[in-house]
Amino acid sequence: MRSAPLSRRSALGALGLLGLGGLSACGIPAAYVPEEQRTAADRSDRDRSLQFSNWTQYIDVDKAGKRPTLEEFQKRTGIAVTYTEDINDNDEFFGKISPVLAQGGDPGRDLMVISDWMAGRYVALGWVETLDKANLPNVTKYLDPQLSHPAFDPDRSHSVPWQSGITGIAYNRKALGREIKRTSDLWAPDLKGRITLFAGMDEALGLLMLANGADIAKFTADDAHKAMNQVQKLVDTKHIRRFTGNDYTSDLASGAAVACQAYSGDVIQLRAQNPDIEFVVPEEGAELWAESLMIPNRADHKSNAEKLMDYYYQPEVAAQLAAFVQYICPVPAAREVLARSTDADTAALADEPLIFPTAEIRAKLQTMRDVTAAERPDFHQIWGQVAGV
């Protein structure tokens, strides 16, 4: 099993606080790049190579340290992939690549994996290329319909999900002695000082607004302010133990916290160590998110990058990747592949609802729209005071 990349969905970096308009304050022009200025001459036909940036531990690795699915792609296509695990935080990576993209330079990579809320920023700035759907037949055929129309990229013309997940609630049922069914259950008096929430506003806010009945696909400023005010009251009464990044898993594993906001993929790993840990999609709903493959402007090997995108949407390949990373697979057809496995543990993953959500779970999932550049300074100022970040 993999461990979740550190702060993979974190929104705590300085550029995240500034929003799009703040780029100029960093000496980076916050200029929209028109479509006709995004592409470079594609060298794919004469240069069978590809530069791929990803998060750590976010691809299958065998005992020899090789990456089987990536090795097979190179064997089938003859495309040599330089795979770099150089994304540790969305904002940090954005700060690294944005000066080049803003100035129309060579990004030095052809493919990158970006969390959905940050992906919206790249699309809004016109810093990623439009995908050629003719090169993506498997994506067209097999992409999970629930991930097909995010608010930031309604027809998936700039992004293809790599993996997905749910922000919900994890808790130790044995230690608590009862079930948690709703987010409001976290506010019970006997949980005072025993729960954690995410420190990142973009990570925390969706679940909190859903608890109030908001439609997070089109939430209002009032929805966000209401949720943040509620959390402030919980902070004032010391109900919340602390605000966390991915280190929430250590609090839950040690018993320092009994319940917390959590990512679905992490809980699969936690349960392997402690079967009393459970993951809950609250009755009022939870946030469905994805991290997506995107091609930055002026990539030298766009066609090669699209070939890799489409390769990972073959159900057999998607199944192999899902069995290792154990987040929600964006290819539902991979479930049947896993179910046919002769290995009992692998076959059992086909029935894991945190990899292949049931219809009941899917009915409660919503995708949150991005916080706009105009909203972000106000929201971050308030959330920074609430969460102490």
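This is a predicted model: local features need pLDDT of at least 70, side-chain atom pairs count only at pLDDT 80 or more; totals for chains, interfaces and linings use all residues.

Student: Which helix gives the largest share of the lining of the largest pocket?
Tutor: The largest pocket has a volume of about 220 Å³. Of its 13 lining residues, the closest to the centre are Ala323, Phe324, Gln326, Thr346 and Leu349. Two helices, α12 (315-325) and α14 (344-348), each supply at least two lining residues. The largest share is three residues, and it comes from α12.

Student: How do the residues of that pocket lining divide by class?
Tutor: Ala and Phe count as nonpolar, while Asp, Glu, Lys and Arg count as charged. On that basis, the lining of the largest pocket has four charged, three polar and six nonpolar residues.

Student: What is the volume of the largest cavity?
Tutor: A cavity is a space where the probe fits but cannot get out. The structure holds three cavities of 30 Å³ or more. The largest cavity has a volume of about 110 Å³.

Student: Which helix gives the most to the lining of the largest cavity?
Tutor: There are 14 lining residues, and the closest to the cavity centre are Asp116, Trp117, Met368, Arg369 and Asp370. By class, the lining has six charged, six nonpolar and two polar residues. With three residues, the helix that gives the most is α4 (residues 116-125).

Student: Are the rings of phenylalanine 94 and tryptophan 127 stacked or edge-to-face?
Tutor: The structure holds 14 aromatic pairs. In this one, the ring centres are 5.8 Å apart and the planes stand at 25 degrees. Planes under 30 degrees apart count as stacked. So the pair of phenylalanine 94 and tryptophan 127 is stacked.

Student: How many residues apart are the two partners of that pair?
Tutor: Phenylalanine 94 is in helix α3 (residues 90-102), and tryptophan 127 is in the loop between α4 and α5 (137-142). The pair links distant parts of the chain, with its partners 33 residues apart.

Student: Is phenylalanine 94 buried or exposed?
Tutor: Buried means under 20% relative accessible area. Tryptophan 127 has 0%, so tryptophan 127 is buried. Phenylalanine 94 also has 0% relative accessibility, so phenylalanine 94 counts as buried.

Student: Which residue lies over the face of phenylalanine 94?
Tutor: A charge can sit over a ring if CZ of Arg is within 6 Å of the ring centre. Here the distance from the ring centre is 5.4 Å, and the residue is arginine 121.

Student: Where does arginine 369 lie?
Tutor: Arginine 369 is one of the residues closest to the centre of the largest cavity. At 3.8 Å from the ring centre, arginine 369 lies over the face of phenylalanine 219.

Student: Are the rings of tyrosine 311 and tyrosine 312 stacked or edge-to-face?
Tutor: Tyrosine 311 is buried at 5%, and tyrosine 312 is buried at 4%. The centres of the two tyrosine rings are 5.0 Å apart and the planes stand at 85 degrees, so the pair is edge-to-face.

Student: Which residues are in contact with asparagine 304, leaving aside neighbours within four places in sequence?
Tutor: Asparagine 304 is in helix α11 (residues 302-311). It is buried, with a relative accessible area of 0%. The contacts of asparagine 304 are Ser44, Asp47, Arg48, Ser49, Leu50, Phe73 and Ile79.

Methods: Residues are numbered from 1 along each chain as its sequence is written. Side-chain values use heavy atoms; hydrogens and water are left out. On a 1 Å grid over the protein atoms alone, a cavity is a set of points where a 1.4 Å probe fits but cannot get out, and a pocket is an open set with protein on both sides within 12 Å along at least five of seven lines; lining residues have an atom within 4 Å of a point. Grid points are joined across faces, edges and corners, and a volume is the space filled by probe spheres set on the points. Helices (H or I, at least four residues) and strands (E, at least two) are DSSP runs, numbered from the N terminus. Rings of Phe, Tyr and Trp (its six-membered ring) pair if their centres lie within 6.5 Å; planes under 30 degrees apart count as stacked, over 60 as edge-to-face and the rest as tilted. Buried means under 20% relative accessible area, exposed over 50%, partly exposed in between (1.4 Å probe, protein chains only). A charge sits over a ring if NZ of Lys or CZ of Arg is within 6 Å of the ring centre and within 35 degrees of the ring normal. Contact means heavy atoms within 4.5 Å.
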